[in-house]
Amino acid sequence: QVQLVESGGGLVQPGGSLRLSCAASGIIFRLTDMGWYRQAPGKQRELVAAITSGGSANFADSVKGRFTISRDNAKNTLYLQMNSLKPEDTAVYYCKAESGLVLSKGYWGQGTQVTVSS
């Protein structure tokens, strides 16, 4: 049974930082490409950052230079370090285990709320 459990969300002031974590189980994490997505009210879910099993990362233009994605394969955990947060970063953040060589379909976590407000 695949489980992805996000944590680390909360309320932060503009310019602040948060680190999200996603603990994975039921998958061969080290062989799985992973991603962070977000969905703001009234908007479509969008890709924020992705990292391959080999550690290559890419980012949405809106977060480049502010967010960092990383993974700890020993802990089966995905991270998203978010710095210089802006009100427009407010959303529910989801991690996803991407379909590929290991998984026949993608799996989503339940999401964690990030609110950037003064």
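The following questions and answers set computed values for this predicted model against the definitions behind each term.

This is a predicted model in which local features need pLDDT of at least 70, side-chain atom pairs count only at pLDDT 80 or more, and totals for chains, interfaces and linings use all residues. Residues are numbered from 1 along each chain as its sequence is written, and side-chain values use heavy atoms, with hydrogens and water left out.

Q: What makes the pattern of the protein chain β-β-β-β-β-β-β-β-β-β-β?
A: Helices (H or I, at least four residues) and strands (E, at least two) are DSSP runs, numbered from the N terminus. The protein chain has zero helices and eleven strands, and reading along the sequence gives the pattern β-β-β-β-β-β-β-β-β-β-β.

Q: Why does the radius of gyration of the protein chain agree with that of a compact globule?
A: The radius of gyration is taken over C-alpha atoms, and the globule rule is 2.2 Å times the number of residues to the power 0.38. For 118 residues a compact globule would have a value near 13 Å, and the protein chain has 14 Å, which agrees. Along the principal axes, the C-alpha atoms fill a box of roughly 40 × 25 × 25 Å.

Q: What share of the contacts with a separation of 6 or more joins residues 24 or more positions apart?
A: Contact means heavy atoms within 4.5 Å. In the protein chain, 54% of the contacts with a separation of 6 or more are between residues 24 or more positions apart.

Q: Why is the pair Cys22 and Cys95 called a disulfide?
A: A disulfide is a pair of cysteine sulfur atoms within 2.5 Å. The S to S distance between Cys22 and Cys95 is 2.0 Å, so the pair meets the definition. The pair links distant parts of the chain, with Cys22 in strand 3 (residues 18-25) and Cys95 in strand 9 (residues 91-97), 73 residues apart. A search of the whole structure finds one disulfide.

Q: Why is Tyr37 called buried?
A: Buried means under 20% relative accessible area, exposed over 50%, and partly exposed in between (1.4 Å probe, protein chains only). Tyr37 has 14% relative accessibility and therefore counts as buried. Tyr37 lies in strand 4 (residues 34-39). Of the 118 residues of the protein chain, 41% count as buried, and both Cys22 and Cys95 are buried.

Q: How do you know that the side chains of Tyr37 and Glu98 make a polar contact?
A: A polar contact is a pair of N or O atoms within 3.5 Å; within protein, one must be able to donate a hydrogen and the other to accept it, and residues adjacent in sequence count only if both atoms are side-chain atoms. The side chains of Tyr37 and Glu98 make such a contact at 2.7 Å. Leaving aside neighbours within four places in sequence, Tyr37 is in contact with residues including Leu47, Tyr94 and Trp108.

Q: Why is the pair Arg38 and Asp89 called a salt bridge?
A: A salt bridge is a side-chain nitrogen of Lys or Arg within 4 Å of a carboxyl oxygen of Asp or Glu. The closest N and O atoms of Arg38 and Asp89 are 2.9 Å apart, so the pair meets the definition. Arg38 lies in strand 4 and Asp89 in the loop between strand 8 (77-82) and strand 9, so the pair ties together parts that are 51 residues apart in sequence. Both Arg38 and Asp89 are buried. Salt bridges that share partners join Arg38, Glu46, Arg66 and Asp89 into one network.

Q: Why is Glu46 called partly exposed?
A: Glu46 has 35% relative accessibility and therefore counts as partly exposed. Glu46 also forms a salt bridge with Arg38, with the closest N and O atoms 2.7 Å apart.

Q: What makes Arg66 buried, and which side chain does Arg66 meet in a polar contact?
A: Arg66 is buried because its relative accessible area is 10%. The side chains of Arg66 and Asp89 are joined by a polar contact of 2.7 Å. A polar atom of the Arg66 side chain also lies 2.9 Å from the backbone oxygen of Ser84.
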